[in-house]
Structure formats: C-alpha cells, structure tokens
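Reader: I have a model open on my screen and would like to talk it through with you. Could we go step by step?

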Amino acid sequence: MFDQLHSGELYYPMDDTVLHEQLQYLELLYDYNQTRPLEQERRAALLRRMFAEIGEGCYIEPPLHTNWGGRFVHFGKNIYANFGLTLTDDTHIYVGDGTLFGPNVTVATAGHPVDPALRAQGLQYNAPVRIGKNCWIGAGALILPGVTIGDDTVIGAGSVVTRDVPSGVVAAGNPCRVMRKIGERDREFYFRDRRVDDCPLVHREAE
C-alpha cells in the first residue's frame, strides 16, 4: 500500500503501514511548530530530518502544515515560505531555488474520486506538483494535484491553479489563467509607478 502513494493509483490512506510511518514525521512537524523564534539552528536541523531534500538558506515560518511532515517535499536553495504554508505531501512536491510563498498558500497532491461510492470506501490517489525556480506564489493561492509551474512565474494572490502554468508569466484567477508575460515594464517598475532605478538597493547586471 505504501508504494501506491506515488503510483497515481487508488489506495487506502488509513492503512496501518502507511499511518505508522506518517505519524513519525508528524511528530517532527509538531516539534518544528513549537520552536521559538530564536531557535533557528534547531528549526534548520528539524527541516533536514523532515524533508526529502532541503537546500541551504531555506526559511519556513511556523506554523507549517503538512500531511507527512515534509517526507516527500524537495526544496531547492533560498526558498522562503511565509506563515501558514500547507503541503498535502502525500506524494512528491518539487520546488526550485529562490521561490517565495506568501501567507496561507496550499500545495495539494492528494485527490479523492468524484464517484461518491468510491469516496465512501476511503480511497485516495496522489499526483506530484512541480514549481520552478524563482517563482512567487501569492498569498492564499491553491495549487492542485498534478500541476507544474515554470521558472520565474508569478501566481497572483488567491488563485486556484488547476492546470500547468508556463515559465516567465504572471497568472491569476479562479481558475488561474495567464494574464501576461513578464517583460520590459517589469524591469522598469517594481510596483505601480515606482521605478526600479530610483531604488539604491538594486544592482543591475552588466548589459
């Protein structure tokens, strides 16, 4: 039954073998969420035990909510997640370097059959989620099972992402749709009429 978590096939999530291992990781998650703000080294050590992979420079604000304590989560480097990230990590979630999560984002890999008779049997299936490098996932966004989001893409706050989103775009809505490509105006203005070049903190790469 444990192998079927990653096969896309229907399985029983309440199987004793599955639950036994799941609860070990949820114990670690509980410990993580009880850490104090100054316990940064302890948080980092717990994440290394919890996650399948986690790169240097990652920071996840508690509370973190996960089905498996991060057991099937693969984070690259320098990823930041604001408060209330929810990962239904019943199968693999892949996130590239430098991606940002706003508050209360949900990334879901688990699904249940539409047929009520199958749901009544307690069956579930899982599909992996892939999020590229240097993405920004806005507050309250919901990413559904099987979705892939390309590099450098921005997902607007409150979006429900039901299908794949390409690289280098701004996408938003319910269901989430591509609004436009990221382009020259975004290099000139960082917010409304505020110019990037007016900020002394910005370092432009050599042309």
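Predicted model: local features only at pLDDT ≥ 70, side-chain atom pairs only at ≥ 80, totals over all residues.

Reader: What is the order of the strands in the open sheet?

Author: The sheet has five strands with parallel pairing. Its edge strands, pairing on one side only, are β1 and β15 (148-149). Reading across, the order is β1-β4-β7-β12-β15.

Reader: Is the pair of Phe51 and Phe75 stacked or edge-to-face?

Author: The ring centres of Phe51 and Phe75 are 5.2 Å apart, with 80° between the planes. Planes over 60 degrees apart fall in the second of your two classes, so the Phe51 and Phe75 pair is edge-to-face.

Reader: How far apart in sequence are the parts that this pair ties together?

Author: Phe51 is in the loop between α2 and β1 (53-54), while Phe75 belongs to strand β4. The pair therefore ties together parts whose separation in sequence is 24 residues.

Reader: Is Phe101 buried or exposed?

Author: Ring pairs link Phe101 with Phe51 and Phe75 into a cluster. Phe75 counts as buried at 4% relative accessibility, and Phe51 is buried too. Phe101 has a relative accessible area of 2%, and because the cut-off is under 20%, Phe101 is buried.

Reader: What about strand β19 (residues 177-181): how many of its five residues are buried?

Author: Strand β19 is joined to strand β18 (residues 169-172) by four bridges, and the two run antiparallel; Ala171 stands opposite Val178 there. β18 and β19 form a hairpin with four residues between them, and Gly173 in the turn has a positive phi of about 110°. β19 lies largely in the open, because its number of buried residues is zero.

Reader: Now the pockets. Which element gives the most to the lining of the largest pocket?

Author: The largest pocket has a volume of about 650 Å³, and among its 16 lining residues, the closest to the centre are Trp136, Val154, Val170, Ile182 and Asp186. By class, the lining has nine nonpolar, two polar and five charged residues. α4 (184-188) and β20 (189-191) each supply at least two residues, and the top contributor, with three, is β20.

Reader: And which element gives the most to the lining of the second largest pocket?

Author: That pocket holds about 210 Å³ of space, and of its 13 lining residues, the closest to the centre are Ala44, Arg48, Gly55, Gly57 and Cys58. α2 (40-50) and β2 (59-60) each supply at least two residues of the lining. The element that gives the most, with five residues, is α2.

Definitions and conventions. Residues numbered from 1 in each chain as written. Heavy atoms only, no water. 1 Å grid on protein atoms, 1.4 Å probe; cavity = no way out; pocket = protein on both sides within 12 Å on 5 of 7 lines; lining within 4 Å. Points joined across faces, edges and corners; volume = space filled by probe spheres on them. Nonpolar A, V, L, I, M, F, W, Y, C, P; charged D, E, K, R; others polar. Phe/Tyr/Trp six-rings, centres within 6.5 Å; stacked < 30°, edge-to-face > 60°. Buried < 20%, exposed > 50% of the residue type's maximum accessible area, 1.4 Å probe, protein only. Pairing = 2+ DSSP bridges.
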